[in-house]
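The following exercises concern a predicted model. Please study the sequence and the structure before reading the solutions.

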Amino acid sequence: MIEKELINAVRSQFAIEWYGMHGIRHWARVYENGMYLAEGTDANLKVIGLFALFHDSCRQNEGTDPEHGVRGANLAYRLLQKKQVLDRVALELLVEACRCHTNRIHHDDSTVAICCDADRLDLARVGSIPDPRLLNTAKAKERRTIDWAVERSNGDYLPDNVLADYLRLEIHGSSKTHFS
Ligand SMILES: [Fe+2]
Ligand SMILES: [Fe+2]
């Protein structure tokens, strides 16, 4: 679903700690959170997966960096506009999700809403418990969903998906077959 070369391209410009609190381990959990929230909905899974890859990809520090969403959106557009990965409408959704995850709490589009919730559900890694009032979807607001995400975030859990596999390949030299 996400090509290794695309992750390589994102990594090559990543300016902060790759294994840090806004790096690939966080992205892998955002991916998993998003796929979980999208189950049974008509949300765009490709957009949600790519949001996990791009949303924090252009952070310049681990603290306050309010423009990183816009920069991540611009990188996504630049790297994907000539590929066949997303159609025009889906690419616009991805750009919107990356842009607004830093400055909007609620969103009417279900795919964008899931992207933002997926990111917010991984807040425990930085010492915050996700507040249901700041989440969009009913599933994300459920106590059991928040507890599930908090436990993983606190434990720096590495799930089983393409972004986690990239990391496993890097560290162990082997992975499963999530790459397209
Ligand atoms: Fe972010
Ligand atoms: Fe994030």
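**Exercise 1.** Which side chain does the side chain of His68 join in a polar contact?

*Solution.* Step 1: Locate His68, which is found in helix H4, residues 68-80. Step 2: Examine its side chain; a polar contact of 3.0 Å joins it to the side chain of Asp56.

**Exercise 2.** Determine whether His68 is buried or exposed.

*Solution.* Step 1: The relative accessible area of His68 is 5%. Step 2: Buried means under 20%. Step 3: His68 is therefore buried. Asp56 and His101 are buried as well.

**Exercise 3.** Which residues coordinate the iron ion (ligand 1), and where do Asp56 and His101 lie?

*Solution.* Step 1: The donors are Asp56 (OD), His68 (NE2) and His101 (NE2), at 2.0 to 2.2 Å. Step 2: Their spacing in sequence is D-x11-H-x32-H. Step 3: Asp56 lies in the loop between helix H3 (45-54) and H4, and His101 in the loop between helix H5 (88-100) and helix H6 (110-120), so the pair ties together parts that are 45 residues apart in sequence. Step 4: Asp56 also bridges this ion and the iron ion (ligand 2); the two ions lie 3.9 Å apart.

**Exercise 4.** Describe how H3 and H6 cross, and state which residues make the contact.

*Solution.* Step 1: The axes of H3 and H6 come within 10 Å and cross at roughly 35 degrees. Step 2: The crossing is right-handed. Step 3: H3 contributes Val47, Ile48 and Phe51, while H6 contributes Thr111, Ile114, Cys115 and Asp119. Step 4: By class, these residues comprise 5 nonpolar, 1 polar and 1 charged.

Methods: Residues are numbered from 1 along each chain as its sequence is written. Chains are lettered from A and ligands numbered from 1 in the order in which they are written. This is a predicted model: local features need pLDDT of at least 70, side-chain atom pairs count only at pLDDT 80 or more; totals for chains, interfaces and linings use all residues. Side-chain values use heavy atoms; hydrogens and water are left out. Helices (H or I, at least four residues) and strands (E, at least two) are DSSP runs, numbered from the N terminus. Buried means under 20% relative accessible area, exposed over 50%, partly exposed in between (1.4 Å probe, protein chains only). A polar contact is a pair of N or O atoms within 3.5 Å; within protein, one must be able to donate a hydrogen and the other to accept it, and residues adjacent in sequence count only if both atoms are side-chain atoms. Donors are N, O and S atoms within 2.8 Å of the metal (3.2 Å for Na, K and Ca); water is not among the atoms, so sites may look incomplete. Axes are lines fitted to C-alpha atoms, for helices over the stretch in contact, and angles run from 0 to 180 degrees between N-to-C directions. A crossing is left-handed if the near helix is turned anticlockwise from the far one by less than a right angle, and right-handed if clockwise. Contact means heavy atoms within 4.5 Å. Ala, Val, Leu, Ile, Met, Phe, Trp, Tyr, Cys and Pro count as nonpolar, Asp, Glu, Lys and Arg as charged, and the others, Gly among them, as polar.
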